[in-house]
Amino acid sequence: MGTLIRGGDVVTMDASTGSRAVRRDIRIADGTIVAIAPALEAQPGDEVIDASGLLISPGFVNAHTHSWEYLYKGRYDNLPLELWMLLSYPILGGSPLTPDVIRLRTLMFAMESMKNGVTTLVDDVLETPGQDAAQLAAVVDAYEAIGIRANVSGHIINRPFVDTLPFVVGWLPEDVVRQVRAQQVLTASEYLDFSRQAFAAHHGRADGRLRYMVAPSGPQRCTDDLLVGANALAQEFDAEMHIHVLETKTQAVTGTELYGRSLVRHLDEIGALSRNTTFAHGIWVDDEDIARIAAKHVSVSHNAISNLKLGSGILPWRDYHRHGVNLGLGTDGCSSSDTPRLMEVMKMAALLHKVTEPDFDAWPTVDEVLTAATIGGARSAVLDHAVGSLEVGKRADLTMFDTSTLAFLPRNTLENHLVYSENGSSIVRVMVDGVVTVEHGRLTLIDEDAVIAEFLAVADRIREEQDRLDRINRVFVPAFARMHAETARRDVGVNRWTGDERSWLAGALAH
């Protein structure tokens with residue numbers, strides 16, 4: 001018995017029709033697309049879905065996010081990355097979350113994601129003060145229950161945090177530096193052993209829907225042997241290696257201070273890059289960095305909303321495309337963007353880069369944005385063989401939109417409506433592996449009302465703990481703010497902010 005979706009307008013994202021909406025029928029059997037063509041005949045036993053008036057797209061791929069941050073959604077504002085991170089990822093005083101809280105946190109995040117048409121998550125999960133097997137299992141179990149596809153990481157920082165940033169050690173109280181350096185960090189071999197066990201336990205669960213990935217936090221936050229070992233492990237298991245690179249100008253300065261070269265050059269020259277690698281952010285890159293990224297077939301996840309909220313800068317969209325670099329789109333975490341809704345990122349990415357130069361031929365196209373949100377994200381997740389486009393042989397991950405809503409009227413170019421006018425409110429159905437996971441705004445595989453009620457029952461306790469951690473970690477703020485001002489004044493050869501950099505290079509931000 002199969003499913004026949006009949007009479008819809010389909011954005012296939014394949015090599016033939018790309019993002020152009022075309023009239024197609026889709027037959028699904030055992031979770032796989034087995035036919036896609038005009039006017040397919042129903043087979044005996046088929047469930048027939050009338051898709052007249054619907055626009056069908058591949059399910060969206062959130063190519064970079066952190067479900068951990070759901071607990072910090074809506075909490076902070078007007079903080080650059082390094083100051084925001086010391087609060088949302090507290091350096092001191094943290095205690096492990098229980099697997100049950102992690103389960104609730106993950107379900108809440110996945111619920112909001114999937115109701116916005118996201119069918120694949122690249123979830124870079126960091127637990128403080130560290131991740132254990134039970135915590136990782138709680139994330140994977142939650143995703144299995146809700147029916148979403150996900151790459152789930154063991155995010156790792158294995159250097160003392162104060163040693164991953166320039167200048168701050170000399171500006172912090174000595175007792176604080178001692179406390180940070182006294183915290184236990186994993187060796188490279190310990191992390192790689194943990195990851196092998198995680199691959200054995202979770203990689204390929206739920207008929208391949210759930211996968212493990214390695215996730216060194218950043219080249220400045222991990223030892224070289226861990227970076228090289230993680231890259232090798234990702235290739236061994238044909239999995240993703242997910243890593244934050246050059247998100248901020250501070251990180252551009254950090255590369256020079258720690259290694260005497262760009263962080264991209266460092267990763268390349270130690271042998272820690274491959275086509276399995278995805279850079280989260282990749283903003284403060286120069287021409288040589290982009291050429292190296294392209295040569296190693298590294299993907300980049302563009303997180304437009306988070307990059308704006310944290311003041312990190314504007315990614316060089318057109319330069320990446322000119323070099324043939326594969327781009328995905330990500331929301332980043334719910335504290336740095338305050339949303340897991342990828343459709344908001346799609347519109348922001350389409351608009352943001354139109355103000356970076358007057359040459360309108362270089363502005364983002366709808367096709368480029370939809371590519372990044374679907375097949376580009378799938379490629380970055382090492383999943384493009386299975387998802388990201390609607391083609392025979394691929395898994396049936398798709399989203400259906402009602403085009404009779406105000407967002408799609410007067411039904412001009414449907415793909416333009418999808419990027420610029422729609423916000424997810426027109427979604428009538430989401431399918432993952434051919435299974436309906438969202439129907440008319442309601443999740444089908446879990447009781448979302450029960451999950452929300454359970455989450456609200458512990459929310460006050462969570463906020464009390466966050467308040468406590470904020471008080472403890474504010475000791476870092478003066479030194480980190482001084483570091484932000486100092487690195488802003490440095491000339492790194494590129495400018496990814498919108499203002500005239502001469503004002504701050506001249507010392508306008510000096511304290």
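One thing before you start: this is a predicted model.

**Exercise 1. Check whether the length of helix α2 fits its residue count, and find out how enclosed the helix is.**

Solution. Start with the residue count: α2 covers residues 99-114, which makes 16 residues. Next comes burial. Of the 16 residues of α2, 13 are buried, so the rest of the structure largely encloses this helix.

**Exercise 2. Work out how helices α1 and α16 are oriented to each other, and which residues meet.**

Solution. Two packed helices are described by the angle between their axes and the distance between the axes. For α1 (residues 81-88) and α16 (residues 477-488), the angle is about 155° and the axes are 9 Å apart. Angles over 145 degrees count as roughly antiparallel, and therefore α1 and α16 are roughly antiparallel to each other. On the α1 side you'll find E82, L83 and L86, and they meet V477, F480, A481, M483 and H484 of α16. Sorted by class, this contact has six nonpolar residues, one polar and one charged.

**Exercise 3. Describe the surroundings of S389: where is it, is it buried or exposed, and what does its side chain contact?**

Solution. First, locate S389: it sits in the loop between α13 (366-380) and β14 (398-402). Then check accessibility. Buried means under 20% relative accessible area, and S389 has 1%, so it counts as buried. Its side chain makes a polar contact of 2.5 Å with the side chain of E391, and another, of 2.8 Å, with the side chain of K394.

**Exercise 4. Find where the cis peptide bonds T128–P129 and L409–P410 lie.**

Solution. Take T128 and P129: omega is about 5° for their cis bond, and P129 is in the loop between β7 and α3 (133-146). For L409 and P410, also joined by a cis bond, omega is about 15°. P410 belongs to the loop between β14 and α14 (414-421).

**Exercise 5. Look up the phi of H297 and say how accessible this residue is.**

Solution. Phi of H297 is near 60°, a positive value in a residue other than glycine. H297 lies in the loop between α9 (287-295) and β12 (299-302). With 46% relative accessibility, H297 counts as partly exposed.

Note on methods
Residues numbered from 1 in each chain as written. Predicted model: local features only at pLDDT ≥ 70, side-chain atom pairs only at ≥ 80, totals over all residues. Heavy atoms only, no water. Helix = DSSP H or I, 4+ residues; strand = E, 2+ residues; numbered from the N terminus. Expected span 1.5 Å × (residues − 1). Buried < 20%, exposed > 50% of the residue type's maximum accessible area, 1.4 Å probe, protein only. Polar contact = N/O pair within 3.5 Å; in protein donor to acceptor, adjacent residues only side chain to side chain. Axes fitted to C-alpha atoms, helices over the stretch in contact; angles between N-to-C directions. Parallel < 35°, antiparallel > 145°, perpendicular 65-115°, else oblique. Contact = heavy atoms within 4.5 Å. Nonpolar A, V, L, I, M, F, W, Y, C, P; charged D, E, K, R; others polar.
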